[in-house]
Every structure is written in C-alpha cells, then in structure tokens.
Amino acid sequence: WYQRRVREAVVSTQSTGSFNTFQHYYITNNLRMDVKIYGKIKDHEFHMMKMAVDTLERTHAGAMKLDIHELTDTDWESFLDEKKTNIKGEIWGFKSGAMAFVEGKLIGNGDDFMRWAKTKFGMIDFRPPAFYEALSNQAYKGYLENTEREFVYVDFTHDKRPMGRVIFELYKDIVPNTVKNFIDLLCSKTDNKKFASTSMHRVVKNGWVQGGDYVNGSGGNSEAFDGGKFSDENYAVQHLKRGTIGMANDGRGGPHSNGSQFYITFAPAPWMDQQYVAFGCLI
C-alpha cells in the first residue's frame with residue numbers, strides 16, 4: 001500500500017511539473033504513516049528505534065506521524081499487560097523492552113523495526129550495540145537526576161533471602177512534607193534508619209502491600225519521624241497505576257492521621273484518591 005502511494009506521488013509531481021516535495025504530498029494528502037514506539041527508558045533497543053526514526057525524519061521529512069512513549073519498568077509491565085489483553089497471541093512471550101507499531105499493526109521489537117525501516121526506506125544502521133547501551137544508560141541517569149523529584153531504593157528479603165531492589169520516584173515537588181517524612185524514616189543519618197529490617201505486615205490480594213511499623217512490625221503502630229501524626233498534605237497525586245506509594249493513615253483516626261505506615265498498590269485504585277495521600281511511584 002505504502003509503496004503504491006509513493007509511486008502515485010512521484011507520478012503526480014512529474015506529470016504536473018510541480019516541485020512539491022514528498023513532505024508536502026504526505027501532509028496535504030494525509031498519507032503520513034502512524035508510527036508508535038513504546039519502550040523502557042533504560043532499554044537499548046528503544047533508543048535504537050528512537051535514533052532510527054530521528055534519522056528517517058531527516059531523510060524522509062513528513063513521511064511519518066510519530067508517537068514515542070518512554071516508560072519506567074513498572075509502566076512497561078502495565079503496558080504489556082494491557083497489550084496482552086487487547087492483542088493477545090502476538091504479545092504473549094514478548095521478551096524485549098521495546099515495541100513498535102505502524103498503522104496500528106505490531107511490527108515487533110527493535111530488530112524487527114530496523115528490518116522494517118530497511119525494507120521501506122533502505123535504511124541501514126552501522127552503529128554498534130555498545131552505542132545504544134551508552135545512550136540508554138545516559139537517559140536513565142538523566143531521568144534519575146530530575147531535580148524536582150527524589151529517588152530512593154529499598155531492598156526486600158523473604159526468610160532472609162534477597163528478593164531484589166526496587167526504586168521509588170518521590171514527588172517532593174507536589175507533597176514535600178510527606179516525602180521528607182518518608183525519606184527521614186528510610187535514610188536518616190542523624191537517627192537510626194527506622195525502616196531498616198521492618199516487615200510488610202499486610203498484603204491485600206490485587207490491592208496493596210503495607211508496611212512501615214518500625215516499633216514491632218505488627219501493624220499496630222505508626223509514628224512520624226518526629227513523633228506523633230501529621231496531616232494530609234494534599235490529594236494531588238492520584239492512584240492511577242500499579243506501584244503507587246502512599247501514606248496509610250490510622251484507620252481509627254481517619255484523615256490527617258499519617259505516621260510511618262505506607263502502602264504500595266498492585267493495581268489502579270481511584271477510590272483511594274480522596275482518602276489517602278499518595279506521594280510517589282515504583283519505577
């Protein structure tokens with residue numbers, strides 16, 4: 001289809017004697033291909049595809065309508081789950097950290113996209129994989145150095161066996177006091193790291209996991225870093241996705257009874273939006 005329309009464009013410009021460029025033809029005839037790229041910030045294939053479309057934009061200006069989505073690890077997993085539901089068989093077993101669509105049709109991973117670009121545009125990429133690895137590392141480093149946010153990591157264990165490390169992006173630009181309390185509990189150098197060796201005492205299936213009782217880990221205690229409770233700062237951060245982290249207030253005290261306990265959602269939870277203060281997300 002695409003090659004036939006391009007031939008029509010050539011015939012049209014030749015027969016009319018016009019010096020209109022392909023770009024003008026694509027735009028005025030609404031023939032630009034819809035290209036969508038999704039990928040993890042730190043995935044080298046994603047950056048390979050970004051570099052490829054940037055090159056094609058220069059060599060074939062106006063040929064594509066681009067839509068590029070840069071995702072955290074958590075957002076990527078949510079995206080994959082959504083696509084598995086919508087596309088089904090084509091996505092199951094997908095192992096790459098990047099995915100491309102053209103005109104709504106799945107092209108595949110980075111290598112698949114590069115083959116498509118070669119077939120359609122004759123583009124050949126001679127850059128080594130190490131180049132894209134460096135690009136992805138630089139992009140991820142830049143994301144973590146966002147001065148408006150704080151990033152912290154937490155190591156989890158089960159029966160003393162390491163389960164892995166997770167990284168949280170904390171919205172200090174939106175809820176600075178709530179973020180400061182969490183960071184002080186987690187990382188304070190002047191007072192012991194109160195969250196160290198505490199338990200995640202509550203797990204709600206398809207809901208959330210909860211922890212932060214640094215007194216005895218039972219879930220019956222929740223005190224702020226400076227002692228006592230503190231008020232709900234605001235409800236600006238919504239519970240739109242899996243991996244949202246927020247303050248678990250004292251159920252008996254209701255709103256404005258935040259201390260040390262926090263939760264991490266397993267799924268979107270809009271019912272929490274006006275009841276609990278979310279202050280970050282798992283990345």
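Strands are DSSP runs of E with at least two residues, numbered from the N terminus. In this predicted model, Asp-273 is found in the loop between β10 and β11 (278–282).

Q: Why is Asp-273 called buried?
A: The word buried is kept for residues under 20% relative accessible area; Asp-273 has a relative accessible area of 10%, and therefore Asp-273 counts as buried.

Q: What makes the pair of Asp-273 and His-239 a polar contact?
A: The backbone nitrogen of His-239 lies 2.7 Å from a polar atom of the side chain of Asp-273, and because the cut-off for such a pair of N or O atoms is within 3.5 Å, the pair qualifies. Asp-273 also touches Tyr-235 and Gln-238, as well as His-239, when residues up to four places away in sequence are not counted.

Q: Which residues lie nearest the centre of the largest pocket?
A: The largest pocket, with a volume of about 1,100 Å³, is lined by 31 residues, and nearest its centre lie Val-154, Asp-155, Phe-156, Thr-157 and Met-200. Two or more lining residues come from each of β5 (150–158), β6 (161–170), α7 (176–187) and β10 (262–265), and β5 gives the most, with seven residues.

Q: How do you know which class of residue leads in the lining of the second largest pocket?
A: Counting by class gives seven nonpolar, ten polar and four charged residues in the lining of the second largest pocket; Gly counts as polar here. This pocket holds about 390 Å³ of space.

Key: Residues are numbered from 1 along each chain as its sequence is written. This is a predicted model: local features need pLDDT of at least 70, side-chain atom pairs count only at pLDDT 80 or more; totals for chains, interfaces and linings use all residues. Side-chain values use heavy atoms; hydrogens and water are left out. On a 1 Å grid over the protein atoms alone, a cavity is a set of points where a 1.4 Å probe fits but cannot get out, and a pocket is an open set with protein on both sides within 12 Å along at least five of seven lines; lining residues have an atom within 4 Å of a point. Grid points are joined across faces, edges and corners, and a volume is the space filled by probe spheres set on the points. Helices (H or I, at least four residues) and strands (E, at least two) are DSSP runs, numbered from the N terminus. Buried means under 20% relative accessible area, exposed over 50%, partly exposed in between (1.4 Å probe, protein chains only). Contact means heavy atoms within 4.5 Å. A polar contact is a pair of N or O atoms within 3.5 Å; within protein, one must be able to donate a hydrogen and the other to accept it, and residues adjacent in sequence count only if both atoms are side-chain atoms.
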